[in-house]
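Have the structure open as you read.

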Amino acid sequence: MNTASNTAGDTTAVQVVQPSDSSPFINRWIRRIRYWPVVPIIIISALLIAAIFADQLTSFDPEKDDLISRNIPPVWQEGGTSKHLLGTDPLGRDMLTRIIHGARISLLIAAIVLSIGTAFGLLVGLIAGYLGGTFDEVLMRVVDFTFAVPFILVALVTVIVYGQSFALVIILLTIFSWNGVARQARAETLSLKTRDYVAASQVAGASIWRVMYRHVMPGLINTVIVVTTLRLGSLILTEASLSFLGVGIPPPTPAWGVMVAEGRNYIYTEWWISFFPGLAIMLTVLAFNFLGDWFRDRFDPRLRQLD
Amino acid sequence: MKVFLARRLVYSVVLVLATTIFVFVMSRQSGDPRHLFMSEQSTQEEWDAWGVELGLDKPLYLQYVIWLGNALTGDFGESIRQRRPALDVVIERIPATAELALGSFLFSVATGIPLGVLSALKRGSILDYLGRTFALIGQAAPVFWLGIVLVLIFSVNLGWLPVARRGGLEHYILPSITLGWLFASSFLRLTRSAMLEVLDSEFIKFARAKGVHDTRVIWKHAFRNALLPSLTYAGILLAGLITGAVITETIFSWPGLGSLAVTSVLQLDFPVLTAVVCVITLAYAGMSVIVDFTYALADPRIRLE
């Protein structure tokens, strides 16, 4: 839909900015950066490294108080030290250390939730689309329903009863993470099952499970990857929001949302306590959103709704 | 259109009922309500008598019906913290939330839609890039962080706007922007891509070829068609609005339903939480029906389905 406008040739200044033709070398790089999602890849690699090697990257303990060195500003501000690059929080814990360990929490939750949610959604969508009928109708109404339920209210009610915990966050997010995949997988299955090769394998006597697994499912993988990646960002945001409200990951675990909440009362004087963890969330979500858009454009342009 | 609307109406009713069942089951999970009245002198007889009084001797589904009947008459029990009817506590919080929702809606429409149109018209210009950056930030920045950063800049450093709480008109600016930014971003992206698509369609080319003035082509022919996706989106927006309001109210100490919900969780005030959840769900379901209705009115394709 965006390429169409290039050929419109109308008077409303519809133009695409081309890289200037002054330097072929720079042009090549600009084109390459446009083609590959360079910035998201850098951010996500940094996150993965931080998550995996958190213990090796810093020598501080993310959860241990050190009251002597509390509220130290970042290194470039007056009073900062190079020992604590991003400063420390009111309990004297190193901000950078906590942010690095926070990456581990965020990615771990996203990985667990999305593996379960995606697998389940794929299964539901595949079966519902392939079998059709009442089964399909009921499952799709359930999907509609999970889209309509205000997640935050469910989360608040559940947390008041069971108390906040890591496991509860995972369960809640998983319950609300399979619906998108299920819907897309079903839509895709509906079109795939009318293909000749599917009919051929049915005629050859393959069981429905074999047809679904061997012939329909491979055609769904692209869609599922795209939908899942696009979902990653909002999942991380939701987890952070729960943690911020005090109904997600319980402190002192260095979840980014918890850290922003802890710095809230200090913004007059110690602005960095809230600022950096929030910045980490934003960059992470931005990176995953870009990557999702890129996957969508490459693998499954039909899913494209927004430019 | 009748089928479409009837279907949506049934959805909303199911949603509200499911919420009440969920809340009821959870309230039973949270423990025997008799523990609230119990003291060291309580006897077994008193305990049983309370059970009969509260209907706890009846089967669970009957208990639910009793509970639902009470809820429908506005009886959600007494707030554990404030010692007065939970619904009263909730009702006095409604205006603040309504004002905040209105403010953020105005902000998102007033920025998102014009910026989206401009971005589409001046595609590839600085303006387009600024607009898209605005949208990217809105979709990736956590609402709670956005609020804090805005306070940091405009209240703490520049001292232009108040930090928190409800008050004069200037108190509405930061909370409305915080809550509205995400929706402004979505409006911007939707309007922009819809405008680009519409501007490229045959009837626009025809209008231009016929010599219709540019302004008229853009606003009369293109813009009206480009608004539809945003309208569809308004329905999806509502659920996000609840989450956003809960967070925004918490940051700005805004005396609305959202901050009440969070406080009641932190204070373990179950009756208040129940009442808030039911009131919000009811309002949400009602709004969804209204949005669907508007949508059906605006889009003939739905009307004829």
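Arg104(A) forms a salt bridge with Asp55(A), and their closest N and O atoms are 3.5 Å apart. A salt bridge here is a side-chain nitrogen of Lys or Arg within 4 Å of a carboxyl oxygen of Asp or Glu. Arg104(A) sits in helix H5 (residues 95–131) of chain A and Asp55(A) in helix H4 (residues 54–57) of chain A, so the pair ties together parts 49 residues apart in sequence. Helices are DSSP runs (H or I, at least four residues), numbered from the N terminus. Over all chains, the structure holds 14 salt bridges.

This is a predicted model, in which local features need pLDDT of at least 70, side-chain atom pairs count only at pLDDT 80 or more, and totals for chains, interfaces and linings use all residues. Side-chain values use heavy atoms, without hydrogens and water, residues are numbered from 1 along each chain as its sequence is written, and chains are lettered from A and ligands numbered from 1 in the order in which they are written.

Now the interface. 57 residues of chain B are in contact with 58 residues of chain A; contact means heavy atoms within 4.5 Å. The area buried between the two chains is about 5000 Å², and carbon and sulfur atoms give 71% of that. Buried area is the accessible area (1.4 Å probe) that two parts lose on being put together, summed over both. Arg123(B), Phe144(B) and Trp145(B) supply 15% of the area that chain B buries against chain A, more than any other three residues.

How many salt bridges does the rule find across the interface of chain B and chain A? There are two. In a salt bridge between the chains, the side chains of Arg7(B) and Glu137(A) meet at 3.8 Å, N to O.

Arg7(B) and Glu137(A) also belong to a helix contact. Helix H6 (residues 133–148) of chain A packs on helix H1 (residues 2–29) of chain B at an angle of about 70°, with axes 11 Å apart. Axes are lines fitted to C-alpha atoms, for helices over the stretch in contact, and angles run from 0 to 180 degrees between N-to-C directions. H6(A) and H1(B) are therefore roughly perpendicular. Angles of 65 to 115 degrees count as roughly perpendicular, under 35 as roughly parallel, over 145 as roughly antiparallel and the rest as oblique. On the H6(A) side, the contact residues include Arg141(A) and Phe145(A); on the H1(B) side, they include Tyr11(B) and Leu15(B). By class, this contact of H6(A) with H1(B) has six nonpolar, no polar and four charged residues. Ala, Val, Leu, Ile, Met, Phe, Trp, Tyr, Cys and Pro count as nonpolar, Asp, Glu, Lys and Arg as charged, and the others, Gly among them, as polar.

Move to chain B. Helix H11 (residues 228–251) and helix H13 (residues 270–298) of chain B cross at roughly 175°, and their axes come within 9 Å. H11(B) and H13(B) are therefore roughly antiparallel. The contact of H11(B) with H13(B) divides into 12 nonpolar, four polar and no charged residues. Phi of Ser253(B) is near 45°, a positive value in a residue other than glycine. Most residues other than glycine have a negative phi, and most peptide bonds are trans.

Chain A has a cis peptide bond, from Pro251(A) to Pro252(A), with omega near 5°. Pro252(A) lies in the loop between helix H12 (221–245) and helix H13 (256–263) of chain A. The axes of H12(A) and H13(A) come within 7 Å and cross at roughly 40°. These helices, H12(A) and H13(A), are therefore oblique to each other. Ala240(A), Ser243(A) and Phe244(A) of H12(A) meet Gly257(A), Val258(A), Val260(A) and Ala261(A) of H13(A).

Key: Helix = DSSP H or I, 4+ residues; strand = E, 2+ residues; numbered from the N terminus.
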